[in-house]
Amino acid sequence: MATIHDVALKAGVSVTTVSRVLNNRGYISEEMRKKVYGAMERLNYQPNEIARSLLRKQSNIMGLIIPSVSHPFFGELADHVEFYAYQSGYKILLCNSRLDPVKEKEYIEMLKRNRVDGIIMGSHTLEVDEYRNLHSPIVTIDRQIDEDIPFVSSDNYRGGELATDLLIRKGRQKIAHICGNLELRLLANKRSDAFRNVTGRHGVEHIIIQTDMNVFDQQQYERIIQRLLREHPDVDGIFATSDIIAAFAVKGCMKAGKRVPEDVRIVGYDDVSAATWLTPEITSIRRPIEEIGRLAVELIRKQVEGEAFDTENLLPVELVERATT
């Protein structure tokens with residue numbers, strides 16, 4: 001098996017030069033880089049990544065833990081995280097927790113064993129102390145767990161205001177809000193706070209329905225919509241906390257013989273690509289998913305390199321009105 005010394009000999013350069021090429025450290029001319037990579041290819045040399053990471057004390061790998069890669073928001077988020085991580089010289093280890101605390105903890109332990117440079121947490125089923133005790137760079141998505149740990153979130157309260165204001169301006173008299181389980185203490189709960197405040201301020205009748213603790217279990221959404229329309233047939237507006245729930249709401253209304261938007265107007269949240277795949281297209285609160293991914297990567301990089309960073313990173317949202325309102 002070829003070694004770094006063999007590569008240096010074949011390329012006619014020093015071992016130090018080969019090391020600098022492999023680790024992308026210092027100035028290396030393009031001609032020198034091609035010479036070293038050419039020698040590596042001829043010798044079929046495979047760098048020992050574990051040894052390199054121990055030497056550098058940096059693996060150039062980030063961990064990303066999300067609840068479900070099949071969920072449109074997290075699928076798009078993972079895509080953007082991978083893109084910006086790669087642009088910054090990092091690779092991504094993707095962990096799909098399924099909101100299972102045991103699985104999430106095992107993934108965290110695995111990432112620590114693999115000496116990742118930092119962890120982006122999009123899944124939050126563990127107690128706060130589990131994150132505080134990581135002793136490595138971490139960024140959380142949509143959850144503030146410690147004043148020293150940076151988080152990235154969109155302006156959930158403003159999003160709730162925009163959605164609820166729109167339904168009231170459209171003349172809705174009884175509005176339902178379908179949200180995730182509020183016991184999870186996520187920053188997304190501020191959408192529900194805004195809904196309560198805006199409907200209360202306008203004196204509009206309203207209902208709040210929570211999912212169970214597995215907020216991404218889509219099988220429950222159909223049951224929730226059916227129960228809502230059965231128990232409250234006079235509901236004429238729905239603010240759903242995701243575009244997926246909004247899509248189930250459109251489907252449920254049609255099954256119940258209600259027209260969208262004539263009888264029931266519906267607003268979703270996230271503005272994932274799938275919001276425009278349906279007929280009618282879903283009105284949604286747009287979260288800047290790409291910017292969330294880019295900023296999460298940047299915050300890990302800044303922690304690794306000892307740069308200053310903001311712990312609170314709140315990004316703006318906007319209302320995108322389509323056919324469901």
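**Entry 1: the E1/E2 pair**

I started with strand E1 (residues 61-66), which runs parallel to E2 and is joined to it by six bridges. I take strands (E, at least two residues) and helices (H or I, at least four) as DSSP runs, numbered from the N terminus. For pairing I need at least two bridges found by DSSP between two strands. Within this pair, Gly63 stands opposite Leu93 of E2.

A note on what I am looking at: this is a predicted model, where local features need pLDDT of at least 70 and side-chain atom pairs count only at pLDDT 80 or more, while totals for chains, interfaces and linings use all residues. Residues are numbered from 1 along each chain as its sequence is written, and side-chain values use heavy atoms, with hydrogens and water left out.

**Entry 2: the parallel sheet**

I then traced the sheet around that pair: six strands, open, in the order E2-E1-E3-E4-E5-E11, with parallel pairing. Its edge strands are E2 (91-96) and E11 (312-315), each of which pairs on one side only. On average, neighbouring strands here are turned by 20° against each other, direction ignored. My angles run from 0 to 180 degrees between N-to-C directions, and axes are lines fitted to C-alpha atoms, for helices over the stretch in contact.

Which strands does helix H6 touch? H6 (residues 101-113) packs on the sheet against E1, E2 and strand E3 (118-121), and its direction makes about 160° with that of E2. Contact means heavy atoms within 4.5 Å. Helix H12 (residues 289-304) also packs on the sheet, touching E1, E3, strand E4 (138-141), strand E5 (151-154) and E11, with its direction at about 160° to that of E4.

In the loop between E4 and E5 I found Asp142, which has a positive phi of about 65° although it is not a glycine. Most residues other than glycine have a negative phi, and most peptide bonds are trans.

**Entry 3: the mixed sheet**

I went on to another open sheet of six strands, ordered E7-E6-E8-E9-E10-E12, where the pairing is mixed. E7 and strand E12 (318-320) are at the edges with a single partner strand each, so one side of each has no neighbour in the sheet. Neighbouring strands of this sheet are turned by 20° against each other on average, direction ignored.

Strand E6 (residues 174-179) runs parallel to strand E7 (residues 205-210), and six bridges join them. Ala176 has Ile207 in E7 as its bridge partner. E6, helix H9 (residues 189-202) and E7 form a right-handed β-α-β unit; right-handed here says that, with the strands pointing away from the viewer, the path from the first strand over the helix to the second runs clockwise.

Strand E8 (residues 237-240) pairs with strand E9 (residues 265-270) in the parallel sense over three bridges, and Phe239 has Val267 in E9 as its bridge partner. Helix H10 (residues 219-231) lies across E6, E7 and E8, at about 155° to E7.

**Entry 4: cis peptide bonds**

Where does Pro261 lie? I found Pro261 in the loop between helix H11 (243-255) and E9, joined to Val260 by a cis peptide bond with omega of about 15°. The bond from Thr279 to Pro280 is cis too, with omega near 0°; Pro280 sits in the loop between E9 and strand E10 (283-286).

**Entry 5: helix pairs**

H10 and H11 have axes that come within 9 Å and cross at roughly 50°. That makes H10 oblique to H11. I call angles under 35 degrees roughly parallel, over 145 roughly antiparallel, 65 to 115 roughly perpendicular and the rest oblique. Tyr221, Glu222, Ile225 and Leu229 of H10 meet H11 residues including Phe248 and Lys255. Ala, Val, Leu, Ile, Met, Phe, Trp, Tyr, Cys and Pro count as nonpolar, Asp, Glu, Lys and Arg as charged, and the others, Gly among them, as polar.

For helix H8 (residues 156-169) and H9, the axes come within 7 Å and cross at roughly 40°, again in a right-handed crossing. The contact of H8 with H9 divides into five nonpolar, six polar and five charged residues.

Notes:
A crossing is left-handed if the near helix is turned anticlockwise from the far one by less than a right angle, and right-handed if clockwise.
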